[in-house]
Amino acid sequence: MMNVDEAFTTLREMRVHGAGRIARLAAQALKDYAKDAKARNSKEYWNLVLKAGEKLKSARPTAVSLPNGINFVLYGGRTSFESGASVDDIRQATVNAANEFMTSSVDAVRQIAEIGARRIKNGDTIITHCNSEAAIGVIKKAHDMGKGIKVYCDETRPKFQGHKTAATLAAYGIDTTLIVDSACRYFMDKAERVIVGCDAIAVNGALVNKVGTSQVAVIANEARVNFMVAAETYKIDFKTMDGELVDIEERDPTEIASKEWMDQNPNVKFNNPVFDITAPQYIDFYITEKGIVPPGGIIVLMKELYRYR
Ligand code: RI2
């Protein structure tokens, strides 16, 4: 059990990362809060829950799974609140929605693994970037199916989440090689497929994912290597439908240079965006829990899921 402030700090400091995991952690924290919050009446109770939800949503700006997960939970509670229900009934509706979100999020990762693994052929060499639960699920499933795959993992500066991916895949018995990000083009000639995760999907089918993903996609396109994205549908960013852009999280420069080096080089400026945008023309398809979707099909999914925005 984690209170809202602790969850906020855990997310902000990236002690838990990965778009799916952060959404589930936030949904769990909101559920725990909703379970215990004390109020004299429904309006007061609902305002408290809304405020807690807003705080959690603000912990990280880019991974839209976070606001979408929270909005799903709030949708459950709000429907009950707007029907004039008692505090206890709204409480129960909010808790139920949180449980539903967490269960369906885990299920989605499992379904994506099943669907995506069928797109991997025997003996494929795969490149992956960063640390994505959904992408790892596909790779593991292909291995379980006896496809004899080999994986190159970009180390993924600045936080080296690729090390985590490499450790996970190697421990699972998969032939795994860690490479530096700048060696990606060198190894692309050896690959048949790239598979990455997703932090957000825009209305035009563009992918927002860990910085460096767009370079990998352009290189894959040049080498005619299949580029696939493993993405749960709650990573669709509804605000892009109204023309809003996805905020790109800029993190502390100490992630890319030491304090000591900065002091020695006071005229050097720093930029540390942690996500970038891959244009739809570089993406072959998204693997979602609802099936394979080309970038141009994202708008159809958006319309279907719009009520949770
Ligand atoms: P899953 C991560 O972001 C990476 O960008 C990764 O590709 C994406 O979330 C999706 O991860 P961060 O939280 O939901 O490490 O597939 O900044 O695990």
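1. Basis. The model is predicted; local features need pLDDT of at least 70 and side-chain atom pairs count only at pLDDT 80 or more, whereas totals for chains, interfaces and linings use all residues. Residues are numbered from 1 along each chain as its sequence is written, and side-chain values use heavy atoms, with hydrogens and water left out.

2. Helices α1 and α3. Helix α1 (residues 4–12) packs on helix α3 (residues 42–57) at an angle of about 15°, and their axes are 9 Å apart. Helices are DSSP runs (H or I, at least four residues) and strands likewise (E, at least two), numbered from the N terminus; axes are lines fitted to C-alpha atoms, for helices over the stretch in contact, and angles between N-to-C directions run from 0 to 180 degrees. The angle makes α1 roughly parallel to α3 (angles under 35 degrees). The crossing of α1 past α3 is right-handed, a term for a near helix turned clockwise from the far one by less than a right angle.

3. Contact of α1 with α3. Val 4, Asp 5, Ala 7, Phe 8 and Leu 11 of α1 meet Ala 52, Lys 55 and Leu 56 of α3 (contact means heavy atoms within 4.5 Å). By class, this contact comprises six nonpolar, no polar and two charged residues.

4. Helices α3 and α5. Helix α5 (residues 87–117) packs with α3 at an angle of about 25°, the axes being 9 Å apart. That makes α3 roughly parallel to α5, and α3 passes α5 in a right-handed crossing. On the α3 side, Ser 42, Tyr 45, Trp 46 and Val 49 meet Val 87, Ile 90, Arg 91 and Thr 94 of α5. The residues of this contact divide into five nonpolar, two polar and one charged.

5. A polar side-chain atom of Asp 199 lies 2.6 Å from a ligand oxygen atom.

6. Backbone features. Most residues other than glycine have a negative phi, and most peptide bonds are trans. Cys 130 has a positive phi, near 70°, and is found in the loop between β1 (125–128) and α6 (133–144). The peptide bond from Arg 157 to Pro 158 is cis, with omega near 5°; Pro 158 lies in the loop between β2 (150–154) and α7 (161–171).

Terms used: Parallel < 35°, antiparallel > 145°, perpendicular 65-115°, else oblique. Nonpolar A, V, L, I, M, F, W, Y, C, P; charged D, E, K, R; others polar. Polar contact = N/O pair within 3.5 Å; in protein donor to acceptor, adjacent residues only side chain to side chain.
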